[in-house]
Amino acid sequence: MLILQCPCCGVMADETELAAGGEAHLKRFGPGSSDDDFESYLFNRVNPKGVHFERWRHAYGCGKWFHAARCTATLEVFGTYSAQVTEPPQEIRDKISARRPGWRWREFG
Amino acid sequence: MSDPVSALNRAAFTGIAQIAETGLQGMITLRGDLASAVVIKAATAAAGTDMPARGEAKIKGEHGLCWMSPDEVLVLCPHAEVAMTIAAMEQVLAGEHALVVNVSDARAVFRVSGPLAREVLSKLAPVDLAPQAFRPGMMRRTKLAQVPAAFWMEDDRTFRIVCFRSVAQYVFDLLKVSAQEGSEVGVF
Ligand SMILES: [Zn+2]
């Protein structure tokens, strides 16, 4: 069972209280973008074994969106952070580096 | 004018804990910037209690303020005073970006009481309800089995639960099963 601390209300919420929102930090390509960029924005998702960044919503709690960094292989949670950022904060990256030295995820690492 | 009736008309059940639908309770949703002096004034004047911090419920009899999310509090007041309370709040909030809505009749309220009340709720919600983890004064929005609900404690052995009116019978049935005779777990 996955348990994430919602950074908006502070609650330790188990998976049944949360709604998964898919991969985090997607760069949006909208009208005017190339077909390749738009296709990639719509459909291309990473599916890593290891460090992963996701969006979650505290659906049965405060209702707010947030970000989570976790390991898909072990379910270890590195941390949760605000939805209002476009990349993982340094504090979260440091926590991951302490546990998974040399990690990479898309352009981050 | 017709008389307002609560969802289950004060249905009650006694098993390893006492379950009761509490009847009519005034409930007003207030959304806005909870750090705004105007919003705080509207909320505290309506309820006659202090502003709740994150995760808190400030309850005084039929009045109270429950923290629902970073931009929402639930104002409790007697059912008959809702219209008057909303009018007063809207006056305070004039010009402020905020929302005040009467949700009293969209909800149902239950009380679960007795020495085993924590056990009855623990079977239904993914929440640590150990006495040191969940105490009177705290507020929790979560789910009871399959439906959203919120609760706080009136005292160390009494929970007040709010759910949507449309699932009132479901929640009452859940609570009855969870509180059936002989179902003590003895975990707390
Ligand atoms: Zn939350």
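Predicted model: local features only at pLDDT ≥ 70, side-chain atom pairs only at ≥ 80, totals over all residues.

Student: What makes B:Arg160 count as buried?

Tutor: Its relative accessibility is 6%. Buried means under 20%. The value of 6% falls under that cut-off, so B:Arg160 counts as buried.

Student: Where in chain B is B:Arg160 found?

Tutor: In strand S11, residues 158–164.

Student: Why is the link between B:Arg160 and B:Gln25 called a polar contact?

Tutor: The side chains are joined at 3.3 Å. The limit for a pair of N or O atoms is 3.5 Å. The distance is within the limit, so the polar contact stands.

Student: What is the distance of the polar contact between B:Arg160 and B:Glu154?

Tutor: It is 2.2 Å, again side chain to side chain. That value too is within 3.5 Å.

Student: Which residues does B:Arg160 touch?

Tutor: Leaving out residues up to four places away in sequence, the list includes B:Thr22, B:Val109, B:Phe110, B:Phe151 and B:Trp152. B:Gln25 and B:Glu154 are also on it. To touch here means heavy atoms within 4.5 Å.

Student: How is chain B divided into domains?

Tutor: Domain 1 is 12–23 + 106–178, and domain 2 is 26–105. Their centres, taken over C-alpha atoms, are separated by 22 Å.

Student: How do you know that domain 1 and domain 2 of chain B are in contact?

Tutor: Eleven residues of domain 1 are in contact with 17 residues of domain 2. Each contact means heavy atoms within 4.5 Å.

Student: Why is the largest cavity said to lie between the domains of chain B?

Tutor: Domain 1 and domain 2 both give residues to its lining, so it lies between them. The lining includes B:Gly55, B:Trp67 and B:Met139, and from chain A it includes A:Cys9 and A:Val11.

Student: Which strand gives the most to that lining of the largest cavity?

Tutor: S9(B), with three residues. Strand S5 (63–69) of chain B also supplies at least two.

Student: Where does the second largest cavity lie, and why?

Tutor: Both domains of chain B give residues to its lining, so it too lies between them. It is lined by 13 residues, and among those nearest its centre are B:Ser6, B:Gly23 and B:Arg107. Strand S8 (residues 107–113) of chain B gives the most, with three residues. The lining divides into five nonpolar, four polar and four charged.

Student: What is the volume of the largest pocket?

Tutor: About 360 Å³. A pocket is an open set of points, whereas in a cavity the probe cannot get out. Of its 20 lining residues, those closest to the centre include A:His25, A:Lys27 and A:Arg106. Helix H1 (35–43) and strand S5 (65–71) of chain A each supply at least two lining residues. By class, the lining has eight nonpolar, five polar and seven charged.

Conventions. Residues numbered from 1 in each chain as written. Chains lettered and ligands numbered in written order. Heavy atoms only, no water. 1 Å grid on protein atoms, 1.4 Å probe; cavity = no way out; pocket = protein on both sides within 12 Å on 5 of 7 lines; lining within 4 Å. Helix = DSSP H or I, 4+ residues; strand = E, 2+ residues; numbered from the N terminus. Domains from an automatic or database assignment. Nonpolar A, V, L, I, M, F, W, Y, C, P; charged D, E, K, R; others polar. Buried < 20%, exposed > 50% of the residue type's maximum accessible area, 1.4 Å probe, protein only. Polar contact = N/O pair within 3.5 Å; in protein donor to acceptor, adjacent residues only side chain to side chain. Points joined across faces, edges and corners; volume = space filled by probe spheres on them.
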